[in-house]
Amino acid sequence: MKERTTELVEGLRHSVPYINAHHGKTFVILLTGAVLKSNNYSSIISDIGLLYSLGIKLVIVNGARNQIDESLKNHNIEPKYHKNTRITDAITLDIIKQVTGMLQLNITASLSMSLNNTPLQGAHINVVSGNFVIAQPLGIDEGIDYCHTGKIRRINNEAIDEQLNRGSIVLLGPVGVSVTGESFNLASEDVAAEVAIRIKADKLISFCAEQGVLDKQGKVITDLFPIDADNYVNRKQQLGKYLSSEARFLKAASKACRNGVRRSHLVSYLIDGAILQELFSRDGIGTQVAKEYSEQIRLATINDIGGILELIRPLEEQGILVKRSREQLEMEIDKFTIIERDNMTIGCAALYPYQEEKMGEMACVAIHPDYRNSSRGDLLINTVASRAQNLGLNKIFVLTTRSIHWFREKGFNPAEVDDLPIKKKQLYNYQRNSKILMLDII
């Protein structure tokens with residue numbers, strides 16, 4: 001019981017920065033037809049209710065591809081496609097309107113549940129649907145008439161923003177209306193991406209059967225640039241798999257990213273709480289598409305002092321690092337390089353140059369416990385060494401009491417006090433008796 005309590009407390013503490021970061025932000029969530037059919041659907045709805053309770057503005061776009069195909073099959077109607085796009089004749093459109101209408105009512109009902117002893121107890125969520133998406137016919141291509149298949153003409157983003165500011169969840173389906181009063185079948189991924197762009201959403205989120213995009217070894221690819229997502233879609237298209245919801249979403253995510261949506265996330269609808277794990281933990285569990293990685297290494301600024309102190313304090317208390325006051329850090333902040341992930345400092349190191357001897361001290365090396373089995377230490381050493389080279393230095397050295405073998409593995413060799421720069425030698429603490437290790441960087 002004690003371990004479970006500790007795990008709960010630590011989980012809450014780690015999630016607080018993300019709760020604060022997401023509060024007041026706008027997310028567009030795409031629930032594909034596969035999500036709506038999954039056994040985990042009710043849990044996903046509960047998680048969406050939790051996001052709402054944390055002050056996140058939500059637009060939900062539902063797909064219906066699975067349900068439409070199933071209904072067409074029940075009516076003995078063979079689906080027709082041209083260039084991977086459904087041809088929507090009048091009969092097919094009627095079926096699509098019936099299916100999507102029922103799905104929207106079911107989603108509204110699910111989000112309206114607020115009984116005691118349910119995850120949405122006391123939520124009282126207001127769900128709003130309407131003619132927010134204006135469509136137009138896709139037209140004719142190579143002599144093939146797409147009939148009632150359409151494309152987005154415009155999004156009434158002002159009306160959507162008004163509803164979000166009133167505290168409502170906006171629910172949109174894959175059917176849009178036209179200025180002539182007609183209805184058109186739209187790709188839900190296109191709707192989600194276009195809405196996210198127009199309302200300047202902070203995130204676009206969807207689900208797939210896998211944990212995200214997998215590499216050839218079956219491991220999750222955590223970060224993709226838009227060009228990576230495009231290449232993935234092109235490969236699937238060449239293999240005849242372009243119709244997968246995963247590929248369609250990646251295409252939409254790439255477009256959204258290039259048009260101002262900072263991050264798009266793809267997680268599994270089969271993993272309980274996947275959306276929460278993705279959004280409220282440092283590493284997440286799925287794949288995100290963004291113009292820049294969620295992690296970067298850079299020179300520290302005065303605004304990073306708090307993060308550095310939080311990182312190094314436990315190591316100072318254990319005697320692994322020499323204690324530094326906030327005032328000292330403020331004076332020496334230009335010496336520090338940090339690794340930042342989602343606005344959290346997970347690594348740091350300082351470089352103190354001794355120009356006369358063309359040497360530099362690498363000090364205050366710290367990696368967050370969750371990342372010590374990764375390559376972040378190598379990244380810090382390489383970055384500091386590169387910085388030292390740019391300053392015209394030939395060697396970097398460290399003084400350490402606990403990490404001797406780790407530095408030896410990174411190429412540092414044992415040295416003596418007499419090998420230190422004169423000023424550093426005069427300050428050497430014989431009582432601490434730190435080991436000295438050096439690395440040639442030229």
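This is a predicted model: local features need pLDDT of at least 70, side-chain atom pairs count only at pLDDT 80 or more; totals for chains, interfaces and linings use all residues.
1. In general, side chains of opposite charge can pair when their charged atoms come close.

2. Have a look at K83 and E142, whose side chains meet in a salt bridge at 3.2 Å, N to O. K83 sits in the loop between β3 (81–82) and β4 (85–86), and E142 in the loop between β7 (140–141) and β8 (144–145), so this pair ties together parts that are 59 residues apart in sequence. E142 is exposed, because its relative accessible area of 62% is over 50%.

3. The pair R313 and E316 is a within-helix case. Their closest N and O atoms are 2.5 Å apart in the salt bridge. Both residues belong to helix α11 (residues 305–317), where they are three residues apart, about one turn of the helix. Are the two partners buried or exposed? R313 counts as partly exposed, at 30% relative accessibility, whereas E316 is buried, with a relative accessible area of 4%.

4. K410 pairs with D378 in a salt bridge whose closest N and O atoms are 2.9 Å apart. This one links distant parts of the chain: K410 lies in the loop between α14 (404–409) and β22 (413–415), and D378 in helix α13 (residues 376–390), 32 residues apart. On accessibility, K410 is partly exposed at 27%, and D378 is partly exposed too, with a relative accessible area of 29%.

5. Back to K83 for a moment. Which residues do salt bridges with shared partners join into one network? They are K83, D141 and E142. The K83 to E142 pair from point 2 therefore belongs to a network that also takes in D141.

6. The axes of helix α3 (residues 41–53) and helix α5 (residues 90–112) come within 9 Å and cross at roughly 60 degrees. That angle makes α3 oblique to α5. The crossing of the two helices is right-handed.

7. Which residues make the α3 to α5 contact? From α3 come Y41, I45 and I48, and they meet N106, I107, S110 and L111 of α5. Sorted by class, this contact has five nonpolar and two polar residues, with no charged ones.

Definitions and conventions
Residues are numbered from 1 along each chain as its sequence is written. Side-chain values use heavy atoms; hydrogens and water are left out. Axes are lines fitted to C-alpha atoms, for helices over the stretch in contact, and angles run from 0 to 180 degrees between N-to-C directions. Helices (H or I, at least four residues) and strands (E, at least two) are DSSP runs, numbered from the N terminus. Angles under 35 degrees count as roughly parallel, over 145 as roughly antiparallel, 65 to 115 as roughly perpendicular and the rest as oblique. A crossing is left-handed if the near helix is turned anticlockwise from the far one by less than a right angle, and right-handed if clockwise. Contact means heavy atoms within 4.5 Å. Ala, Val, Leu, Ile, Met, Phe, Trp, Tyr, Cys and Pro count as nonpolar, Asp, Glu, Lys and Arg as charged, and the others, Gly among them, as polar. A salt bridge is a side-chain nitrogen of Lys or Arg within 4 Å of a carboxyl oxygen of Asp or Glu. Buried means under 20% relative accessible area, exposed over 50%, partly exposed in between (1.4 Å probe, protein chains only).
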